[in-house]
Amino acid sequence: MDNKPLTTDKHPSSIVSGPSSPALEIADLSGIATFQDSGRHGYNKFGVPTSGAMDWYAYQAANSLLNNPPNSAVIELGLGEITLRALRNTVIAVTGAGYEVENYIWIFPLWTSFYVRAGWTVRVKKTSGGNWAYIAIAGGFDSPIIMNSRSAYLRGGVGSALKVGGVLHSLAPAADLLKLAARDHTPLIPYSQTPTIEVIPAPQADWFTPEGIRTFYESEYTLSPSFDRMGYRLQGSPIEKVITKELISEGMTMGSIQIPADGQPIVMMADAPTAGGYPKIANVTRASLPLLAQCEAGVSKIRFREVTVEEAQRKTMDDRR
Amino acid sequence: MLKMLGDSAILIQLGDAIDPALNARVHALSALLQTSLAIIETVPAYCTVLVHYDPLATTYNQIKNLIEEKISLLDESTHRPSRRLEIPVLYGNASGPDLESVATTLALFPSELIRLHSEREYTVYMMGFTPGFPYLGILNEKLSLPRLSTPRTRVPAGSVAIAGSQTGIYPVDSPGGWHIIGHTPLKLFDPTSETPFLFSPGDTVKFIPDHGQ
């Protein structure tokens, strides 16, 4: 039999590799920490989720603060804390929402880069108002490239969770370390605990009653505490369907909002299955995904607003600048 | 029919059924679209192709026009060269713990069940659920039965299973609600390999009963 690979990879930003050296050691860790990059593209058709950062905006900002190549791997920290010990002098940038950074004796806000001397410890501490922090290092982290990406997909056994005692390697920095330190970036994404999430109606939007559609756009939802990288389960007024037949499984993306029988929306996130069989009422726009990703369980009040694809694409362009 | 799925994907619906001819068109169109640099990836399913594109490089309307052009090139004679794979299977006993009970439910002898399962050529309609899982169809209707009422928490990798009008193989240890009738020693998913997947959507598959037991 002929087992030639039929994979293709056309992702715009190519993956950078090269000589690397030990940079940090994980001294302490709670929550979930993995390497993530801009995702694994070209493998959805084999059932492999795209993965990558939950908050693409914070991920990109962390790398650009350090002039790293756009597809560089960062540490994604979720719902916990990490303490890193520097094994050599380097520069680190931390972005995201719901954290603060302690470096040696200073406290830094997120969205900044700072110099770290060999032997110092950097702690990324949980505060409130978000879920995910992105820790980038000058040059980008080096880790095994699996199917053209450094993103971990733990459920599929692709990559692994970071552990205490682990030594993290980094590639050569883009510039002199001092030039990369003490920079900041003001996020253009309006992170909020009362976000309005913009969506585009999805293929099965007409499976719902006008009442169901109204419920979706006019009521408030909260995030269930059992959320993860795979999906965000929302809680609120149930959405009524008019068509109750079974959907033949079809492809879906990060941001697809499925409505199962109980009427409570589930938003597909970075590690979501590549295909699904629940009807989709709408799809979160790329520009709104970071906002939703950083919503706090039980706290954030989430509302949805319909936009056109033209409006959504214009906004994504603006956020990139 | 083209439907928007957010601002970076378009769902192409070619029909609304689980049908071999329709699915062949799906795979042909998916292969045609994959050659375009404007498209990041395509995901063929039973009767749809999902097209992922980069909204920073291309607009919805540009992708829509491209898709419409490719659909017009897709005539009935378009056939994607399909690979044919033969899969050795050890049926029954510890390899297929549900074989006996399924045979009883369907009022078949286990040997008949094995014959009915292995005599057909199947198509990989789509892949999903877990990395490398092939949805194979269509099963002989004599073998059609609902899923387990309580899914197993762990189905071993390599398990060959049936449910509804479909059969499939579990690529990795995972929970599962299909009836396990056999096992193949072949590895369906190896993330570290240059060729991580045994199957591709659109492949033709034939099960070969292993009588060496």
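Which residues of helix H3 (residues 210–218) of chain A are buried? They are A:Gly212, A:Thr215, A:Phe216 and A:Tyr217, where buried means under 20% relative accessible area, exposed over 50%, and partly exposed in between (1.4 Å probe, protein chains only). We will come back to this helix below.

## About the model

This is a predicted model, in which local features need pLDDT of at least 70 and side-chain atom pairs count only at pLDDT 80 or more, while totals for chains, interfaces and linings use all residues. Residues are numbered from 1 along each chain as its sequence is written, chains are lettered from A and ligands numbered from 1 in the order in which they are written, and side-chain values use heavy atoms, with hydrogens and water left out.

The average pLDDT (the predictor's confidence in each residue, from 0 to 100) is 92 for chain A, and 95% of its residues score at least 70. Residues 1–9 of chain A have a pLDDT below 50, although this stretch has 26 contacts in the model beyond near neighbours in sequence; contact means heavy atoms within 4.5 Å. Where pLDDT is low, the predicted coordinates should not be read in detail.

## Domains of the two chains

Chain A is divided into domain 1 (20–180) and domain 2 (196–319); domain bounds come from an automatic or database domain assignment. The C-alpha centres of these two domains of chain A lie 28 Å apart. Where they meet, 26 residues of domain 1 of chain A are in contact with 21 residues of domain 2 of chain A.

For chain B, the assignment gives domain 1 (2–78) and domain 2 (84–209). Contact between them takes 8 residues from domain 1 of chain B and 9 residues from domain 2 of chain B. The C-alpha centres of the chain B domains lie 28 Å apart.

## Around helix H3 of chain A

Back to the helix from the opening question: the cover over the buried residues of H3(A) includes strands S13 (196–201), S17 (256–258), S20 (280–284) and S21 (303–306) of chain A. Helices (H or I, at least four residues) and strands (E, at least two) are DSSP runs, numbered from the N terminus.

In the loop between S13 and H3 of chain A you will find A:Gln204. A:Gln204 counts as buried because its relative accessibility is 2%. Not counting residues up to four places away in sequence, A:Gln204 touches A:Leu247, A:Glu250, A:Tyr278, A:Pro279 and A:Lys280.

## A buried strand residue in chain B

B:Thr48 lies in strand S4 (residues 48–53) of chain B. At 1% relative accessibility, B:Thr48 counts as buried.

A:Ser143 sits in the loop between strand S11 (141–142) and strand S12 (167–171) of chain A. With 13% relative accessibility, A:Ser143 is buried. Its contacts, apart from neighbours within four places in sequence, are A:Phe35 and A:Arg150. A:Arg150 in turn forms a salt bridge with A:Asp142, the closest N and O atoms being 2.9 Å apart; a salt bridge is a side-chain nitrogen of Lys or Arg within 4 Å of a carboxyl oxygen of Asp or Glu. Both A:Arg150 and A:Asp142 are buried.

Over all chains, a search of the whole structure finds 21 salt bridges. One of them joins the side chains of A:Arg123 and A:Glu81 (3.4 Å, N to O). This pair links distant parts of the chain, 42 residues apart: A:Arg123 is in strand S9 (residues 121–126) of chain A, and A:Glu81 is in the loop between strand S3 (74–78) and strand S4 (82–86) of chain A. A:Arg123 is partly exposed at 30% relative accessibility, and A:Glu81 is partly exposed at 26%.

In chain B, the side chains of B:Glu119 and B:Arg115 meet in a salt bridge (3.2 Å, N to O). B:Glu119 is partly exposed, with a relative accessible area of 40%, and B:Arg115 is partly exposed at 45%. Returning to chain A, salt bridges that share partners join A:Glu81, A:Glu102, A:Arg123 and A:Lys125 into one network.
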